[in-house]
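Please have the sequence and the 3D view open side by side. We will walk through the fold together, from the overall layout to a few individual side chains.

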Amino acid sequence: MQIVANCFILIVGFVALIKGADYFVDGSAAIARFFKVPGVIIGLTIVAMGTSAPELAVSVSAGLSGSNAIAVSNVVGSNIFNLMAVLGVCAILKPLPVDTGIKKRDFPISLAATFFVILLSANLVLAGKSTDIKNGSAMAGELFRWNGLVLLAAFILYMLYTIRMAKKNRVEEEASEPVVLWKSILFIVLGLVAIIIGGQLVVNSARALALAWGMSETLVGLTIVAIGTSLPELVTSVVASSKGENGMAIGNVVGSNIFNLLLILGTSSSLHPIQISMASFVDLGILLGVSLVAYGFVCSGKRVNRVEGFIMTALYIGYTVFAILR
């Protein structure tokens, strides 16, 4: 009976995710039309912040409890999933046109944020003391509270810059019907609530099913839980792409990655210093590598095509296998 109940909860969770993403994208697109800003800007801000809510909640809770080393693996795993799996799946379903602003402005900022976090995380490596052992693990470095404050300051500057660009790049678009602001905000709020609740239902029920079928706790953590926290980004981007909101789809991925690195790691390390294990440091290097690959695909033409989508998805599968074997 427990397995049947978890299967039912899993289905309910997926329905909540899909319907929530539907309302969330519709509300966000309406907000973009109301304020006359490009959909990609909404994707980089409202949508990105909304879909990063699960990661933020996990990291803040861990930070308050003083056991927030999980924040790094959560952020890195989510960002790799966003770049390889979310962009890959969206491109496979429908080639993704790429906004010029993403190529020239936001993706380079995401790359710079990744490199900056790597530098901050490598203080022991740079000092030649990476063989130090803490809690039985080789450490690469530590994110201190002042590092977190620097990351948060960088996030605030990025948000101010994005708002300035939104004001500068207003678009005139004839709406098929008048946009009702309160209704659009209600769609966003209800959609986001459904996405978060649906994501939690999917993760918890899938975890229970996997354990019942004999999967180890570690394997479940590396696969189902890691992917589950990024389900909002995946479902929202796929729904946005299917509705023709391509700028919102790719903006959600890039914006979420920037939010994860600057806001989530910044908040978490401000609450409590984060020790960076060598495994997490290697994962940060992998994140930088896949970021460069994704940026190469984004800059290779006017759109990310299906072949590139298959390559990115295959790379994510390869990374997952590597993480499980490690």
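The chain contains 13 helices and 5 strands; helices (H or I, at least four residues) and strands (E, at least two) are DSSP runs, numbered from the N terminus. You are looking at a predicted model, in which local features need pLDDT of at least 70 and side-chain atom pairs count only at pLDDT 80 or more, while totals for chains, interfaces and linings use all residues. Residues are numbered from 1 along each chain as its sequence is written, and side-chain values use heavy atoms, with hydrogens and water left out.

Let's begin with the chain as a whole. Of its 326 residues, 48% are buried; buried means under 20% relative accessible area, exposed means over 50%, and partly exposed is in between (1.4 Å probe, protein chains only). The chain exposes about 14,700 Å², and carbon and sulfur atoms supply 70% of that area. Accessible areas come from the Shrake-Rupley method with a 1.4 Å probe, and for residues only the protein chains shown count as cover. A contact means heavy atoms within 4.5 Å. Among contacts in the chain with a separation of 6 or more, 83% are between residues 24 or more positions apart.

Now for the inside. The largest nonpolar core has 71 residues, and those that touch the most other members are I80, L83, M84, F107 and L265. A nonpolar core here is a set of buried Ala, Val, Leu, Ile, Met, Phe, Trp, Tyr and Cys residues joined through side-chain atoms within 4.5 Å. Take I80 as an example: leaving out residues up to four places away in sequence, I80 touches A85, D283, I286, L287, V290, Y316 and Y319.

A pair of aromatic rings is described by the distance of the centres and the angle of the planes. Rings of Phe, Tyr and Trp (its six-membered ring) pair if their centres lie within 6.5 Å; planes under 30 degrees apart count as stacked, over 60 as edge-to-face and the rest as tilted. How many aromatic pairs does the structure hold? There are 4. In one of them, the ring centres of F107 and Y295 are 5.2 Å apart and the planes meet at 40°, so this pair is tilted. The pair links distant parts of the chain, with F107 in helix α5 (residues 100-121) and Y295 in helix α12 (residues 278-299), 188 residues apart. Is F107 buried or exposed? F107 counts as buried because its relative accessibility is 2%, whereas Y295, at 21%, counts as partly exposed.

Y316 and Y319 also form a tilted pair, with 6.4 Å from centre to centre and 45° between the planes. Both tyrosines lie in helix α13 (residues 306-325), 3 residues apart, or about one turn of the helix. Y316 has 9% relative accessibility and so counts as buried; Y319, at 15%, is buried as well. Ring pairs also bring in F81, which joins Y316 and Y319 in a cluster.

Let's return to helix α5, where R105 lies. Side chains of opposite charge can pair when their charged atoms come close. The structure holds 1 salt bridge, meaning a side-chain nitrogen of Lys or Arg within 4 Å of a carboxyl oxygen of Asp or Glu. Its partners are R105 and D106, whose side chains meet at 3.0 Å, N to O. Both R105 and D106 are buried, with R105 at 14% relative accessibility.

With neighbours within four places in sequence set aside, I258 is in contact with D106, I109, S110, Y158 and L263. I258 is buried, with a relative accessible area of 0%. From I258 to F107 the C-alpha distance is 8.9 Å, although they are 151 residues apart in sequence.

Finally, turn to the surface. F116, F144, W146 and V150 form a nonpolar patch there, with about 360 Å² of accessible area together. Patches are made of residues with over 30% relative accessible area and no salt bridge: like charges are joined within 9 Å, nonpolar side chains (Val, Leu, Ile, Met, Phe, Trp, Tyr) within 5 Å. V150 lies in helix α7 (residues 145-168) and, at 31% relative accessibility, counts as partly exposed.
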